[in-house]
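Let's take a walk through this model together, starting with a pair of helices and ending with aromatic rings. Keep the 3D view open as you read.

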Amino acid sequence: MLSGSGSPGWNSNSAGAVTRTAVWGCLWQARDLVAFFALRDLRLRYKQAALGVAWVLLQPIATVAIFTLVFGRLAGISSEGVPYPLFALLGFSVWTYFSGATVRASEVLVNNPALVSKVYFPRIAAPTGAALPPLVDLAVSLALVGLLLIYYEVAPTWRLLAVPVWLALLILTAYGPAVLLSALNVRYRDVQQAIGPVMQIWFFASPIAYPSTLFSGSGELLYALNPMVGVIGLARWSVLNTPWPGWPLAVSVGMVCVMLVCGVSYFRRSERSFADVI
(Lines give C-alpha, C1' and ligand atoms only; values in the text may rest on other atoms or scores of the structure.)
Protein backbone atom coordinates (compact mmCIF):
# COMPACT_ATOMS: atom_id res chain seq x y z
CA MET A 1 0.00 0.00 0.00
CA LEU A 2 1.00 3.68 -0.31
CA SER A 3 3.10 4.87 2.60
CA GLY A 4 5.48 7.52 3.86
CA SER A 5 8.04 8.16 6.52
CA GLY A 6 6.43 8.46 9.90
CA SER A 7 3.25 6.69 8.76
CA PRO A 8 2.60 2.99 9.34
CA GLY A 9 2.95 0.87 6.23
CA TRP A 10 4.66 3.60 4.14
CA ASN A 11 7.36 2.57 1.65
CA SER A 12 9.95 4.87 0.11
CA ASN A 13 9.66 5.87 -3.53
CA SER A 14 11.98 3.11 -4.65
CA ALA A 15 12.00 0.19 -7.00
CA GLY A 16 13.97 -1.91 -4.59
CA ALA A 17 10.88 -3.36 -2.96
CA VAL A 18 10.31 -5.63 -5.96
CA THR A 19 12.91 -7.99 -7.37
CA ARG A 20 13.20 -8.70 -11.07
CA THR A 21 12.18 -12.31 -10.62
CA ALA A 22 9.04 -11.26 -8.72
CA VAL A 23 7.73 -8.93 -11.40
CA TRP A 24 4.83 -11.17 -12.45
CA GLY A 25 3.80 -11.82 -8.88
CA CYS A 26 4.03 -8.09 -8.25
CA LEU A 27 1.68 -7.43 -11.15
CA TRP A 28 -0.80 -9.92 -9.77
CA GLN A 29 -0.69 -8.23 -6.35
CA ALA A 30 -1.16 -4.85 -8.05
CA ARG A 31 -4.04 -6.05 -10.25
CA ASP A 32 -6.43 -3.48 -8.74
CA LEU A 33 -4.01 -0.70 -9.65
CA VAL A 34 -3.62 -2.10 -13.16
CA ALA A 35 -7.42 -2.11 -13.50
CA PHE A 36 -7.53 1.49 -12.26
CA PHE A 37 -5.08 2.65 -14.94
CA ALA A 38 -7.01 0.74 -17.61
CA LEU A 39 -10.43 2.09 -16.63
CA ARG A 40 -9.11 5.64 -16.34
CA ASP A 41 -7.67 5.40 -19.84
CA LEU A 42 -11.00 4.16 -21.21
CA ARG A 43 -12.94 6.97 -19.55
CA LEU A 44 -10.57 9.64 -20.83
CA ARG A 45 -10.64 8.25 -24.33
CA TYR A 46 -14.40 8.19 -24.74
CA LYS A 47 -15.22 11.23 -22.60
CA GLN A 48 -17.13 13.78 -24.73
CA ALA A 49 -16.68 11.60 -27.83
CA ALA A 50 -19.93 12.00 -29.75
CA LEU A 51 -19.53 8.82 -31.80
CA GLY A 52 -17.99 6.76 -29.00
CA VAL A 53 -17.12 3.21 -30.06
CA ALA A 54 -18.14 4.02 -33.63
CA TRP A 55 -14.67 5.52 -34.09
CA VAL A 56 -13.27 2.03 -33.53
CA LEU A 57 -15.20 0.81 -36.60
CA LEU A 58 -14.61 3.75 -38.90
CA GLN A 59 -10.84 3.35 -39.10
CA PRO A 60 -10.72 -0.36 -40.01
CA ILE A 61 -13.63 -0.01 -42.45
CA ALA A 62 -11.98 2.90 -44.27
CA THR A 63 -8.53 1.26 -44.24
CA VAL A 64 -9.79 -2.11 -45.47
CA ALA A 65 -11.79 -0.42 -48.24
CA ILE A 66 -8.62 1.29 -49.50
CA PHE A 67 -6.57 -1.90 -49.16
CA THR A 68 -9.20 -3.86 -51.08
CA LEU A 69 -9.12 -1.37 -53.94
CA VAL A 70 -5.33 -0.96 -54.13
CA PHE A 71 -3.96 -4.36 -53.11
CA GLY A 72 -6.91 -6.67 -53.73
CA ARG A 73 -8.16 -5.42 -57.08
CA LEU A 74 -5.47 -3.25 -58.70
CA ALA A 75 -2.39 -5.17 -57.52
CA GLY A 76 -4.09 -8.57 -57.32
CA ILE A 77 -2.37 -9.55 -54.07
CA SER A 78 -3.18 -13.08 -52.89
CA SER A 79 -5.43 -13.41 -49.86
CA GLU A 80 -4.73 -17.12 -49.25
CA GLY A 81 -8.07 -18.32 -50.55
CA VAL A 82 -10.37 -16.07 -48.47
CA PRO A 83 -12.16 -12.87 -49.53
CA TYR A 84 -9.65 -10.03 -49.45
CA PRO A 85 -11.70 -7.65 -47.23
CA LEU A 86 -11.92 -10.38 -44.59
CA PHE A 87 -8.22 -11.16 -44.97
CA ALA A 88 -7.19 -7.51 -44.56
CA LEU A 89 -9.65 -6.73 -41.77
CA LEU A 90 -8.41 -9.45 -39.46
CA GLY A 91 -4.78 -8.47 -40.05
CA PHE A 92 -5.57 -4.81 -39.46
CA SER A 93 -7.53 -5.60 -36.28
CA VAL A 94 -4.59 -7.53 -34.85
CA TRP A 95 -2.20 -4.74 -35.80
CA THR A 96 -4.43 -2.04 -34.29
CA TYR A 97 -4.25 -3.67 -30.87
CA PHE A 98 -0.47 -4.03 -31.08
CA SER A 99 0.03 -0.43 -32.20
CA GLY A 100 -2.45 1.06 -29.72
CA ALA A 101 -1.09 -0.88 -26.74
CA THR A 102 2.51 -0.05 -27.58
CA VAL A 103 1.97 3.67 -28.15
CA ARG A 104 -0.25 4.22 -25.11
CA ALA A 105 1.97 2.26 -22.77
CA SER A 106 5.03 4.17 -23.98
CA GLU A 107 3.44 7.47 -22.93
CA VAL A 108 1.80 6.57 -19.63
CA LEU A 109 4.77 7.33 -17.34
CA VAL A 110 5.77 10.67 -18.90
CA ASN A 111 2.12 11.73 -18.88
CA ASN A 112 1.92 11.17 -15.11
CA PRO A 113 5.15 12.70 -13.74
CA ALA A 114 3.67 13.77 -10.40
CA LEU A 115 2.40 10.27 -9.71
CA VAL A 116 5.76 8.71 -10.56
CA SER A 117 7.88 11.16 -8.57
CA LYS A 118 5.77 11.47 -5.41
CA VAL A 119 4.18 8.09 -4.76
CA TYR A 120 5.57 4.57 -4.68
CA PHE A 121 3.70 1.93 -6.62
CA PRO A 122 4.90 -0.91 -8.87
CA ARG A 123 5.90 1.18 -11.86
CA ILE A 124 5.30 -1.64 -14.30
CA ALA A 125 1.61 -1.51 -13.38
CA ALA A 126 1.25 1.74 -15.37
CA PRO A 127 2.28 0.44 -18.83
CA THR A 128 0.47 -2.83 -18.09
CA GLY A 129 -2.77 -0.95 -17.42
CA ALA A 130 -2.28 1.17 -20.55
CA ALA A 131 -1.96 -1.97 -22.68
CA LEU A 132 -5.40 -3.28 -21.68
CA PRO A 133 -7.91 -0.71 -23.07
CA PRO A 134 -7.02 -1.47 -26.73
CA LEU A 135 -8.49 -4.92 -26.09
CA VAL A 136 -11.90 -3.21 -26.20
CA ASP A 137 -11.12 -1.93 -29.70
CA LEU A 138 -9.94 -5.39 -30.68
CA ALA A 139 -13.19 -6.96 -29.44
CA VAL A 140 -15.25 -4.50 -31.50
CA SER A 141 -13.12 -5.16 -34.59
CA LEU A 142 -13.43 -8.93 -34.14
CA ALA A 143 -17.20 -8.53 -33.96
CA LEU A 144 -16.99 -6.85 -37.38
CA VAL A 145 -14.86 -9.77 -38.59
CA GLY A 146 -17.64 -12.09 -37.39
CA LEU A 147 -20.19 -10.20 -39.47
CA LEU A 148 -18.00 -10.51 -42.56
CA LEU A 149 -17.61 -14.23 -41.91
CA ILE A 150 -21.38 -14.51 -42.08
CA TYR A 151 -21.61 -12.26 -45.15
CA TYR A 152 -18.99 -14.23 -47.09
CA GLU A 153 -20.32 -17.56 -45.76
CA VAL A 154 -16.97 -18.59 -44.33
CA ALA A 155 -17.76 -21.38 -41.88
CA PRO A 156 -15.71 -21.54 -38.68
CA THR A 157 -13.96 -24.79 -37.76
CA TRP A 158 -12.36 -26.36 -34.70
CA ARG A 159 -9.47 -23.95 -35.26
CA LEU A 160 -11.46 -21.31 -33.37
CA LEU A 161 -10.31 -23.13 -30.24
CA ALA A 162 -6.91 -21.53 -30.88
CA VAL A 163 -8.31 -17.99 -30.49
CA PRO A 164 -7.19 -17.68 -26.82
CA VAL A 165 -3.72 -18.86 -27.86
CA TRP A 166 -3.13 -16.19 -30.48
CA LEU A 167 -4.78 -13.53 -28.32
CA ALA A 168 -2.33 -14.33 -25.52
CA LEU A 169 0.53 -14.29 -28.03
CA LEU A 170 -0.66 -10.92 -29.33
CA ILE A 171 -0.73 -9.40 -25.83
CA LEU A 172 2.78 -10.68 -25.10
CA THR A 173 3.96 -9.40 -28.49
CA ALA A 174 2.84 -5.90 -27.57
CA TYR A 175 3.92 -6.07 -23.93
CA GLY A 176 7.67 -6.39 -24.56
CA PRO A 177 8.01 -3.26 -26.75
CA ALA A 178 5.46 -1.44 -24.56
CA VAL A 179 7.40 -1.70 -21.30
CA LEU A 180 10.72 -1.12 -23.06
CA LEU A 181 9.54 2.08 -24.77
CA SER A 182 7.81 3.34 -21.61
CA ALA A 183 11.15 3.13 -19.76
CA LEU A 184 13.16 4.62 -22.64
CA ASN A 185 10.67 7.47 -22.99
CA VAL A 186 11.29 8.57 -19.41
CA ARG A 187 14.99 9.06 -20.03
CA TYR A 188 15.01 9.98 -23.73
CA ARG A 189 12.07 12.15 -24.74
CA ASP A 190 12.93 11.97 -28.44
CA VAL A 191 11.73 8.36 -28.25
CA GLN A 192 8.20 9.75 -28.21
CA GLN A 193 8.86 11.53 -31.50
CA ALA A 194 10.30 8.40 -33.08
CA ILE A 195 7.49 6.02 -32.14
CA GLY A 196 5.11 7.30 -34.83
CA PRO A 197 7.48 6.80 -37.80
CA VAL A 198 8.71 3.47 -36.42
CA MET A 199 5.16 2.15 -36.11
CA GLN A 200 4.39 3.23 -39.67
CA ILE A 201 7.41 1.32 -40.98
CA TRP A 202 6.50 -1.68 -38.82
CA PHE A 203 2.96 -1.56 -40.21
CA PHE A 204 4.09 -1.98 -43.81
CA ALA A 205 6.69 -4.56 -42.74
CA SER A 206 3.90 -6.77 -41.33
CA PRO A 207 1.60 -9.08 -43.35
CA ILE A 208 -1.53 -6.96 -43.00
CA ALA A 209 -2.36 -6.07 -46.60
CA TYR A 210 -0.44 -9.01 -48.08
CA PRO A 211 0.40 -12.60 -47.06
CA SER A 212 3.76 -13.56 -45.60
CA THR A 213 3.99 -16.30 -48.24
CA LEU A 214 5.26 -13.68 -50.70
CA PHE A 215 8.70 -14.28 -49.19
CA SER A 216 10.84 -17.39 -49.57
CA GLY A 217 14.29 -18.65 -48.66
CA SER A 218 16.50 -16.35 -46.60
CA GLY A 219 14.02 -13.52 -47.13
CA GLU A 220 11.34 -15.57 -45.39
CA LEU A 221 13.62 -16.16 -42.40
CA LEU A 222 14.49 -12.48 -42.14
CA TYR A 223 10.83 -11.53 -42.46
CA ALA A 224 9.82 -13.99 -39.73
CA LEU A 225 12.00 -12.08 -37.26
CA ASN A 226 9.12 -9.61 -37.16
CA PRO A 227 7.02 -10.97 -34.26
CA MET A 228 3.82 -9.72 -35.89
CA VAL A 229 4.31 -12.20 -38.74
CA GLY A 230 3.65 -15.15 -36.46
CA VAL A 231 0.71 -13.73 -34.53
CA ILE A 232 -1.12 -12.49 -37.66
CA GLY A 233 -0.50 -15.78 -39.45
CA LEU A 234 -1.79 -17.75 -36.46
CA ALA A 235 -4.86 -15.52 -36.18
CA ARG A 236 -5.74 -16.03 -39.84
CA TRP A 237 -5.19 -19.78 -39.57
CA SER A 238 -7.51 -19.91 -36.56
CA VAL A 239 -10.32 -17.63 -37.77
CA LEU A 240 -10.13 -17.72 -41.57
CA ASN A 241 -8.87 -21.28 -42.13
CA THR A 242 -5.80 -20.14 -44.05
CA PRO A 243 -2.77 -22.48 -44.30
CA TRP A 244 -0.72 -23.20 -41.18
CA PRO A 245 2.03 -20.53 -40.85
CA GLY A 246 4.74 -23.20 -40.46
CA TRP A 247 8.25 -22.68 -39.11
CA PRO A 248 8.13 -18.85 -39.39
CA LEU A 249 5.67 -18.99 -36.48
CA ALA A 250 8.36 -20.53 -34.27
CA VAL A 251 10.84 -17.83 -35.29
CA SER A 252 8.32 -15.08 -34.51
CA VAL A 253 7.44 -16.63 -31.14
CA GLY A 254 11.14 -16.75 -30.32
CA MET A 255 11.40 -13.04 -31.09
CA VAL A 256 8.38 -12.36 -28.88
CA CYS A 257 10.17 -14.08 -25.99
CA VAL A 258 13.40 -12.14 -26.63
CA MET A 259 11.58 -8.79 -26.74
CA LEU A 260 9.56 -9.64 -23.65
CA VAL A 261 12.63 -10.56 -21.59
CA CYS A 262 14.61 -7.56 -22.82
CA GLY A 263 11.73 -5.13 -22.27
CA VAL A 264 10.92 -6.27 -18.73
CA SER A 265 14.61 -6.51 -17.75
CA TYR A 266 15.39 -3.00 -18.97
CA PHE A 267 12.31 -1.62 -17.25
CA ARG A 268 13.30 -3.20 -13.92
CA ARG A 269 16.86 -1.88 -14.19
CA SER A 270 15.70 1.63 -15.07
CA GLU A 271 12.71 2.20 -12.81
CA ARG A 272 14.81 3.08 -9.75
CA SER A 273 15.80 6.36 -11.45
CA PHE A 274 12.38 7.26 -12.92
CA ALA A 275 11.54 9.74 -10.15
CA ASP A 276 14.88 11.53 -10.63
CA VAL A 277 14.75 11.99 -14.40
CA ILE A 278 11.05 12.32 -15.20
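What follows looks at helix packing, then aromatic residues, then cysteines. Please bear in mind that this is a predicted model.

Start with helix H4 (residues 84-107) and helix H7 (residues 134-151), whose axes come within 9 Å and cross at roughly 180°. An angle over 145 degrees counts as roughly antiparallel, so H4 runs roughly antiparallel to H7. On the H4 side the contact includes Leu 86, Leu 89, Leu 90, Val 94 and Tyr 97, while H7 contributes residues including Leu 138, Leu 142, Val 145 and Leu 149. Sorted by class, the contact between H4 and H7 has 15 nonpolar, three polar and two charged residues.

Now turn to the aromatic rings, which form 14 pairs across the whole structure. In one of them, Phe 67 and Phe 71 have ring centres 5.4 Å apart and planes at 85°, so this pair is edge-to-face. Both residues lie in helix H3 (residues 54-74), four residues apart, about one turn of the helix. Phe 67 is buried at 8% relative accessible area, whereas Phe 71, at 24%, is partly exposed.

Finally, the cysteines: the structure holds zero disulfides. Cys 257 is partly exposed at 43% relative accessible area, and Cys 262 is partly exposed at 45%.

Terms used: Residues are numbered from 1 along each chain as its sequence is written. This is a predicted model: local features need pLDDT of at least 70, side-chain atom pairs count only at pLDDT 80 or more; totals for chains, interfaces and linings use all residues. Side-chain values use heavy atoms; hydrogens and water are left out. Axes are lines fitted to C-alpha atoms, for helices over the stretch in contact, and angles run from 0 to 180 degrees between N-to-C directions. Helices (H or I, at least four residues) and strands (E, at least two) are DSSP runs, numbered from the N terminus. Angles under 35 degrees count as roughly parallel, over 145 as roughly antiparallel, 65 to 115 as roughly perpendicular and the rest as oblique. Contact means heavy atoms within 4.5 Å. Ala, Val, Leu, Ile, Met, Phe, Trp, Tyr, Cys and Pro count as nonpolar, Asp, Glu, Lys and Arg as charged, and the others, Gly among them, as polar. A disulfide is a pair of cysteine sulfur atoms within 2.5 Å. Buried means under 20% relative accessible area, exposed over 50%, partly exposed in between (1.4 Å probe, protein chains only). Rings of Phe, Tyr and Trp (its six-membered ring) pair if their centres lie within 6.5 Å; planes under 30 degrees apart count as stacked, over 60 as edge-to-face and the rest as tilted.
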